Amino acid sequence: MGYIQRLESYKEDMLKTLGETIAIPSVNSDPVRTPDGEVYPYGKAVQDALVHMLKVGEEMGFEAYNDENYAGHLEWKAEGGSDGYYGIVCHLDVMPEGSGWEREPFVMTDGGDGYVYGRGVSDDKGPTVACLYALKALKEEGIVPKHNIRMVFGLDEESGDSSALHYLENLGHPIAGFTPDGDFPLVNGEMGILVFELHQKFKNKAGKDDLRLTRLEGGTRHNAVPAFAKAVIAGSKAEYDLITDRARLYTEETGYRLTAKKQGTSLVIESEGVAAHGAHPWLGLNAVSILMDFLGRIGFASEELNDFIAFYNEHIGFRLAGEEMGCRFEDKASGPLIFNVGIANINEDLATVSVNIRYPVSYTAENVLEGIEETLGQNRIGIVTRMIQEPIYFPLDDPYVIRMIDAYQKETGDTSSRPSVSGGGSYAKFFDNIMAFGALFPEEENTMHQADEKLSKESFMRMARIYADAIYSICCE
């Protein structure tokens, strides 16, 4: 029959399996300890996703391994054994659903437009299921791999690194491989990632009868563009009326969605943006920046607060390349640095803004931090570094690069699209000799991390065929 023909016969089973995985709301949460003492490090839902995927793969004849509930894998062993393994490194955790959905996020919905919808269909459950069935087609065709092949399932890719690090410490790095968590034809490099927080303590408190910002909150993850932000203001009725009128005029002037409404003794101001992945903030609209822009037009009693808001608007605002923060770097392979504010929390004592930066492959985190610290200068704003992931890059003549591109071109006929350096941070940052290989096609809309995340059913099958060809070329010929 041939493995490609086998894949085509699996289409309905593939969609069924994908629907089952979408129905598990595997958003990372606090650890859970069961009555018998077992620990689920990332919460019950993520654990359920791992158990489900291992069960599906085991029923296909692959060997299942659970790495102490921190990760897991399915293994297809080479005849006679293998000194190492070829890794297909996926993740089963997903981003929180966020707001703005027109469909149930954790029910896979056929839109009747050629797409299925649900949180995780494109990042990363759809590509994961495509890879699993690609392996199944090769195996059932009687093909025997030259190396052990493992589908590795990480469980906290969207929020941390402990899953990958635990797995690597216990089971080691692959000989080579890919993660289906990027773009086609291939991501042969990934920009460095720097996550930090800007902090300022407010020493001088406003009086209780003064106009005060008592609370501001927006965003849930540093690597996502916040779609919603809220500020709570305390003051007089006359001040509330004036601010409410200004909010209406601001919306008319800018087109941004901003509302002001009295709640109890406070005035609540809410801004609505558009969610997007922090690696592609231009696809979204930052609700925190909308709110800060508006608050900059209000004079609060605290000059320290006013100064912090002014600094934000002058140096960050809606800019996405760090141009006013002293860190606008660029190189030919990567393009410009990417600057995203993911979370903001302000109260009467402290302001905290969490920033996620993607910096070009020819620069270092130290280069970026030097520029930012110089911009902060004598301000009372401090900086706390939370994460650094150095960039990676594979040359175009790398043999694995060549074979993966060949598999893509064989399926699509597209010879004009070229490998790229991504602002995204995938498991390629942690696993040696891994590159992000699909699953977003060049012509497709990127809805990862967004409301109504979607996946083309045609693309679902195309990616499975590409993965099958690449695995065969690299591991089986």
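## A buried serine between two strands

Ser 426 sits in the loop that links strands E25 and E26; helices (H or I, at least four residues) and strands (E, at least two) are DSSP runs, numbered from the N terminus. This serine is buried, with a relative accessible area of 3%, where buried means under 20% relative accessible area, exposed over 50%, and partly exposed in between (1.4 Å probe, protein chains only). Leaving out residues up to four places away in sequence, Ser 426 touches Glu 157, Thr 179, Asp 181, Glu 190 and Ala 436, contact meaning heavy atoms within 4.5 Å.

A word on the model: it is predicted, so local features need pLDDT of at least 70 and side-chain atom pairs count only at pLDDT 80 or more, while totals for chains, interfaces and linings use all residues. Residues are numbered from 1 along each chain as its sequence is written, and side-chain values use heavy atoms, with hydrogens and water left out.

## Backbone features to look at

The loop that holds Ser 426 also contains Asn 433, between strand E25 (420-422) and strand E26 (434-436). Phi of Asn 433 is near 60°, a positive value in a residue other than glycine, and at 40% relative accessibility Asn 433 counts as partly exposed. His 449 has a positive phi too, near 70°. You will find His 449 in the loop between E27 and strand E28 (454-456), where this histidine is buried, with a relative accessible area of 6%. For context, most residues other than glycine have a negative phi, and most peptide bonds are trans.

Two peptide bonds are worth a look here. The one from Phe 184 to Pro 185 is cis, with omega near 5°, and Pro 185 belongs to the loop between strand E10 (182-183) and strand E11 (187-190). Gly 438 and Ala 439 are also joined by a cis peptide bond, with omega about 20°; Ala 439 is placed in strand E27 (residues 439-440).

## How H2 meets H4

Helix H2 (residues 11-22) packs against helix H4 (residues 125-140) at an angle of about 140°, and their axes are 10 Å apart. Here axes are lines fitted to C-alpha atoms, for helices over the stretch in contact, and angles run from 0 to 180 degrees between N-to-C directions. H2 and H4 are therefore oblique to each other: angles under 35 degrees count as roughly parallel, over 145 as roughly antiparallel, 65 to 115 as roughly perpendicular and the rest as oblique.

On the H2 side, Asp 13, Met 14, Thr 17, Leu 18, Thr 21 and Ile 22 take part, and they meet Lys 125, Gly 126, Val 129, Ala 130 and Tyr 133 of H4. The residues of this contact divide into six nonpolar, three polar and two charged; Ala, Val, Leu, Ile, Met, Phe, Trp, Tyr, Cys and Pro count as nonpolar, Asp, Glu, Lys and Arg as charged, and the others, Gly among them, as polar.

## Nonpolar cores

The largest nonpolar core has 79 residues, and Ile 88, Phe 431 and Tyr 467 touch the most other members. Such a core is a set of buried Ala, Val, Leu, Ile, Met, Phe, Trp, Tyr and Cys residues joined through side-chain atoms within 4.5 Å. Helix H11 (residues 457-476) supplies the largest share of this core, 12 residues. Apart from it lies another core, of 52 residues, including Leu 213, Ile 316, Ile 357 and Tyr 359.
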